Amino acid sequence: MSQRSRVINLYKTLLHLGKDWPAGHDYFRGKLHNAFFKNRNETNPEKIEQMIKHADYIVKELEALYMLKKYRTMKRRYYND
Amino acid sequence: MARVLVGVKRVIDYAVKIRVKPDKTGVVTDGVKHSMNPFDEIAVEEAVRLKEKKLASEIIAITCGPAQSQEALRTALAMGVDKGIHVEVSGPEYETLQPIHVSKILAKIAQNEKIDLIILGKQAIDDDSNQTAQMTSGFLDWSLATFASKIEKGEKDVTVTRDIDGGHEVVTLKLPAIVSADLRLNEPRYATLPNIMKAKKKPIQKLSPKDLGVDTTPRIKIISVEDPPTRQAGQIVPDVDTLIAKLKEKGHC
């Protein structure tokens, strides 16, 4: 996959993840757009590669965050210990 | 290799603040975010893991509810379920649909599809009934293990560690069997965007309770749905003496 389409895929994945963001989808979308827009002129493939790695990391962190948040809420609601 | 059936329910998302309708006929569901019941996610995850370990041949997810319930099926398909069955129940019939109806439907499907293992969430977070697994086991006369925190599948049996008061209980069930998932069973995976797209190609079979010979006509009527009592406001006391006096008054010391 070309670097360009990998970046586009990451953007879509993050947009999708943003739907569950506690402060709302709109807030997340704004931040996400800014983060990508800030680096729009980057042409160095190595730097782009680093940024892709960073975005991958964010995706993993978000998934873990949502899972943990749900688990903790359920635990608080249904279990006393 | 076992054929596994999982039940999923579309409920109001766990993070949404539930509001009661002003006319007290139910809770507000229009324009409210819905998602798959968290305990069902755990059940789906367990089934998918069984398949990944080559212990299950096919996983079928089933849901009962109106057209929107398919969203829950789609999520299950995106997590790795092979096929969905949507039993369409809508309108007033859905509002009074009880675990007994659902378990009759599940029992029928399990027989039709030659299922060996049913995994269900222990309860849904909207009605908190915690009855469906138990009743399905009753209808089918299959062994049952509720509140599973670990499942190990053997050739002809399944060993389940159950969460009970003050510890664990390990039981071995002969297949076919029913297991209901507790919170600690596993950590469900996130339905990723590419998987959701791929899941659109997976088959969903549509049925009605009539096709299965299950009668879902409402036999109960919802009289009134009310908010839980709100917490009483606290008081600030000026000094310790007043505090002690107040506490004595209420019989706390």
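This is a predicted model: local features need pLDDT of at least 70, side-chain atom pairs count only at pLDDT 80 or more; totals for chains, interfaces and linings use all residues.
On the side of chain A that touches chain B, the elements that give two or more residues are helix H1 (3-18) and helix H3 (45-78) of chain A, helices (H or I, at least four residues) and strands (E, at least two) being DSSP runs numbered from the N terminus. H3(A) gives the most to this side, with eleven residues. The residues of the side of chain A that touches chain B divide into seven nonpolar, three polar and nine charged, where Ala, Val, Leu, Ile, Met, Phe, Trp, Tyr, Cys and Pro count as nonpolar, Asp, Glu, Lys and Arg as charged, and the others, Gly among them, as polar.

Residues are numbered from 1 along each chain as its sequence is written, and chains are lettered from A and ligands numbered from 1 in the order in which they are written. Local features need pLDDT of at least 70 and side-chain atom pairs count only at pLDDT 80 or more, whereas totals for chains, interfaces and linings use all residues, and side-chain values use heavy atoms, with hydrogens and water left out.

The contact (heavy atoms within 4.5 Å) takes 19 residues from chain A and 21 residues from chain B. The size of an interface is often given as the accessible area lost when the parts come together. Chain A and chain B bury about 1800 Å² between them, with 59% of this area on carbon and sulfur atoms; buried area is the accessible area (1.4 Å probe) that two parts lose on being put together, summed over both. Of the area that chain A buries against chain B, 33% is supplied by A:Lys70, A:Tyr78 and A:Tyr79, more than by any other three residues.

Side chains of opposite charge can pair when their charged atoms come close. The structure holds 22 salt bridges over all chains, a salt bridge being a side-chain nitrogen of Lys or Arg within 4 Å of a carboxyl oxygen of Asp or Glu, and the count between chain A and chain B is two. A:Asp20 forms a salt bridge with B:Lys33, the closest N and O atoms being 2.6 Å apart. This pair runs from the loop between H1 and helix H2 (25-38) of chain A, where A:Asp20 lies, to the loop between strand E2 (10-12) and strand E3 (34-36) of chain B, where B:Lys33 lies. A:Asp20 is partly exposed, with a relative accessible area of 29%, and B:Lys33 also counts as partly exposed, at 37%, given that buried means under 20% relative accessible area, exposed over 50%, and partly exposed in between (1.4 Å probe, protein chains only).

Within chain B, B:Lys9 forms a salt bridge with B:Asp126, the closest N and O atoms being 3.1 Å apart. B:Lys9 lies in the loop between strand E1 (2-7) and E2 of chain B, and B:Asp126 in the loop between E6 and H5 of chain B, so the pair ties together parts that are 117 residues apart in sequence. B:Lys9 counts as partly exposed at 21% relative accessibility, as does B:Asp126, with a relative accessible area of 41%. A further salt bridge joins the side chains of B:Glu45 and B:Arg49 (2.6 Å, N to O), which are separated by about one helical turn because they are four residues apart in helix H1 (residues 38-52) of chain B. B:Glu45 is buried at 2% relative accessibility, whereas B:Arg49 is partly exposed at 27%.

B:Gln123 lies in the loop between strand E6 (117-121) and helix H5 (132-140) of chain B and is buried, with a relative accessible area of 10%. The side chain of B:Gln123 makes a polar contact with the side chain of B:Asp128 (3.0 Å). Leaving aside its neighbours within four places in sequence, B:Gln123 is in contact with A:Tyr78, B:Asn37, B:Phe39, B:Asp128 and B:Asn130.

Notes
A polar contact is a pair of N or O atoms within 3.5 Å; within protein, one must be able to donate a hydrogen and the other to accept it, and residues adjacent in sequence count only if both atoms are side-chain atoms.
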